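Colleague: I am new to this model. Please walk me through a few of its local features.

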Amino acid sequence: RVQQLIVDERLAPAQVARRDRTLHVPIAEAVGTLVAMAAAEDAQIAGWSFFDRDRLIDARPDLASEINERYVNALLVAKRWRQKIYPTVKIERGDPYAAKHTLDKYAILAGYPAVGAFRRATPARWIRHILDQLESSGGRYRGTTKQARRDWHRLLAYNRHDCLALRHIAVKGSHELAAWRAYDRTRFCV
């Protein structure tokens with residue numbers, strides 16, 4: 001189940017686009033709910049870097065120890081997984097200025113079924129477009145252009161796949177690394 005929370009006040013009017021899946025809440029409340037859910041389900045909180053963890057802590061410094069305890073940097077899991085399970089696969093930069101270890105590259109390696117969602121995605125442009133449109137329409141989502149609403153829906157779909165792919169990579173990588181460690185520690189006596 002994917003619930004998308006809008007924590008930027010400027011984007012709050014756009015929650016009407018997907019009332020079934022989007023909800024606007026202040027970031028401090030969102031982080032508090034996330035940490036409480038993780039604690040209740042004895043679950044981890046995963047992100048693709050420590051940047052996400054740091055933003056959670058910025059929003060709720062009072063929960064820093066719980067966040068640090070539950071947080072998993074899925075990029076580190078993915079890198080270890082690739083090195084152990086696929087040692088011949090090299091992750092290359094698209095160009096000299098591009099990020100190297102991006103989620104989409106590991107999603108392909110992990111066999112995420114909807115990897116096409118990352119092709120030609122421009123989430124930063126989509127966010128800027130909807131923000132500009134909301135500003136020019138006086139904060140009314142219905143006052144934005146059809147193209148801006150299309151970009152908002154693209155952004156929500158992209159974000160959904162971003163989260164699902166991260167989960168797919170983290171789960172697959174963790175399971176395969178655990179199986180590798182078990183195999184590596186096994187002693188065969190004949």
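Modeller: Setting aside neighbours within four places in sequence, Ser-137 is in contact with Gly-143 and Thr-144; contact means heavy atoms within 4.5 Å. This is a predicted model, where local features need pLDDT of at least 70, side-chain atom pairs count only at pLDDT 80 or more, and totals for chains, interfaces and linings use all residues. Residues are numbered from 1 along each chain as its sequence is written, and side-chain values use heavy atoms, with hydrogens and water left out.

Colleague: Is Ser-137 buried or exposed?

Modeller: Buried means under 20% relative accessible area, exposed over 50%, and partly exposed in between (1.4 Å probe, protein chains only). The relative accessible area of Ser-137 is 12%, so Ser-137 is buried.

Colleague: Which backbone oxygen does the side chain of Ser-137 reach?

Modeller: Ser-137 is in the loop between helix H6 (123-136) and H7. At 3.2 Å, its side chain reaches the backbone oxygen of Leu-134.

Colleague: How do the axes of H5 and H7 cross, and at what angle?

Modeller: Helix H5 (residues 103-110) and helix H7 (residues 146-185) have axes that come within 9 Å. H5 passes H7 in a left-handed crossing. The axes cross at roughly 55 degrees.

Colleague: Which residues of H5 make the contact with H7?

Modeller: On the H7 side are Asp-162, Ala-165, Leu-166, His-168, Ile-169 and Lys-172. On the H5 side are Leu-103, Tyr-106, Ala-107 and Ala-110.

Methods. Axes are lines fitted to C-alpha atoms, for helices over the stretch in contact, and angles run from 0 to 180 degrees between N-to-C directions. Helices (H or I, at least four residues) and strands (E, at least two) are DSSP runs, numbered from the N terminus. A crossing is left-handed if the near helix is turned anticlockwise from the far one by less than a right angle, and right-handed if clockwise. A polar contact is a pair of N or O atoms within 3.5 Å; within protein, one must be able to donate a hydrogen and the other to accept it, and residues adjacent in sequence count only if both atoms are side-chain atoms.
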